[in-house]
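Subject: A structure to look through

Dear colleague,

I am handing over the structure we spoke of, and below it I set out what was found. Please keep the picture open while you read, and follow along with the residues as they come up.

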Amino acid sequence: AAFGAAGAATGLGLHGGLGGGVAGMFGGAGIAPLPPANKKQREIYVGNLTAGALTAQGLRELFDNLMASIPTFDPSRGPAVLNVQICSSGMYAFVEFRD
């Protein structure tokens with residue numbers, strides 16, 4: 001699944017945004033804190049997946065590991081990914097992040 005996960009990463013697209021930008025999620029110098037984001041602002045669309053090549057758990061691990069590699073990510077607040085929904089065809093998914 002690691003190969004599928006790496007291949008899936010090339011087909012990422014945004015859906016909804018991340019509550020005003022990535023800086024709000026990771027903190028940033030000189031940037032005022034953002035109010036809590038609603039689900040649509042914390043959710044991204046992941047498209048162009050190969051049907052059956054990736055599970056919800058595989059996507060969760062991919063994004064949790066990616067977020068953990070960012071220096072300003074705070075793992076004490078819990079996992080980065082709250083929910084993963086893969087469509088029944090397996091061709092796209094929605095990944096919901098925490099605030």
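The side chains of E96 and R42 are joined by a polar contact of 2.4 Å, a polar contact being a pair of N or O atoms within 3.5 Å, where within protein one must be able to donate a hydrogen and the other to accept it, and where residues adjacent in sequence count only if both atoms are side-chain atoms. This is a predicted model, in which local features need pLDDT of at least 70 and side-chain atom pairs count only at pLDDT 80 or more, while totals for chains, interfaces and linings use all residues. Residues are numbered from 1 along each chain as its sequence is written, and side-chain values use heavy atoms, with hydrogens and water left out.

E96 belongs to strand 3, which covers residues 93–97; helices (H or I, at least four residues) and strands (E, at least two) are DSSP runs, numbered from the N terminus. Is E96 buried or exposed? Its relative accessibility is 10%, and therefore E96 counts as buried, since buried means under 20% relative accessible area, exposed over 50%, and partly exposed in between, with a 1.4 Å probe and protein chains only. Leaving aside neighbours within four places in sequence, E96 is in contact (heavy atoms within 4.5 Å) with K39, R42, E43, A80, V81, L82 and N83. N83 is also the bridge partner of E96 in strand 3.

The sheet

From the N terminus on, the elements of the chain run α-α-α-β-α-β-β, which gives four helices and three strands. The three strands form an open sheet in the order 1-3-2, with antiparallel pairing, and two strands are said to pair if DSSP finds at least two bridges between them. Strand 1 (43–46) and strand 2 (81–86) stand at the edges with a single partner strand each, so one side of each is left without a neighbour in the sheet. On average, and with direction ignored, neighbouring strands of this sheet are turned by 20° against each other; axes are lines fitted to C-alpha atoms, for helices over the stretch in contact, and angles run from 0 to 180 degrees between N-to-C directions.

Strand 1 is joined to strand 3 by four bridges, and here V46 stands opposite A93 and Y45 stands opposite F94. Strand 2 is joined to strand 3 by five bridges, with V84 standing opposite V95. In the hairpin of strand 2 and strand 3, which has six residues between the strands, G90 takes a positive phi near 80°.

How many of the five residues of strand 3 are buried? Four of them are, so strand 3 is largely enclosed by the rest of the structure. V95 has 0% relative accessibility and therefore counts as buried. Although V95 and Y45 are 50 residues apart in sequence, their C-alpha atoms are 6.6 Å apart in space.

The buried residues of helix 4 are G58, L59, F63, D64 and M67.

The structure holds four aromatic pairs, where rings of Phe, Tyr and Trp (its six-membered ring) pair if their centres lie within 6.5 Å, and planes under 30 degrees apart count as stacked, over 60 as edge-to-face and the rest as tilted. F63 and F97 form an edge-to-face pair, with 5.7 Å from centre to centre and 85° between the planes. This pair links distant parts of the chain, F63 in helix 4 and F97 in strand 3, which are 34 residues apart, and both F63 and F97 are buried. Ring pairs also link Y45, Y92 and F94 into a cluster.

Most residues other than glycine have a negative phi. N48 is not a glycine, yet has a positive phi of about 65°. With 69% relative accessibility, N48 counts as exposed, whereas 30% of the 99 residues of the chain count as buried.

With best wishes
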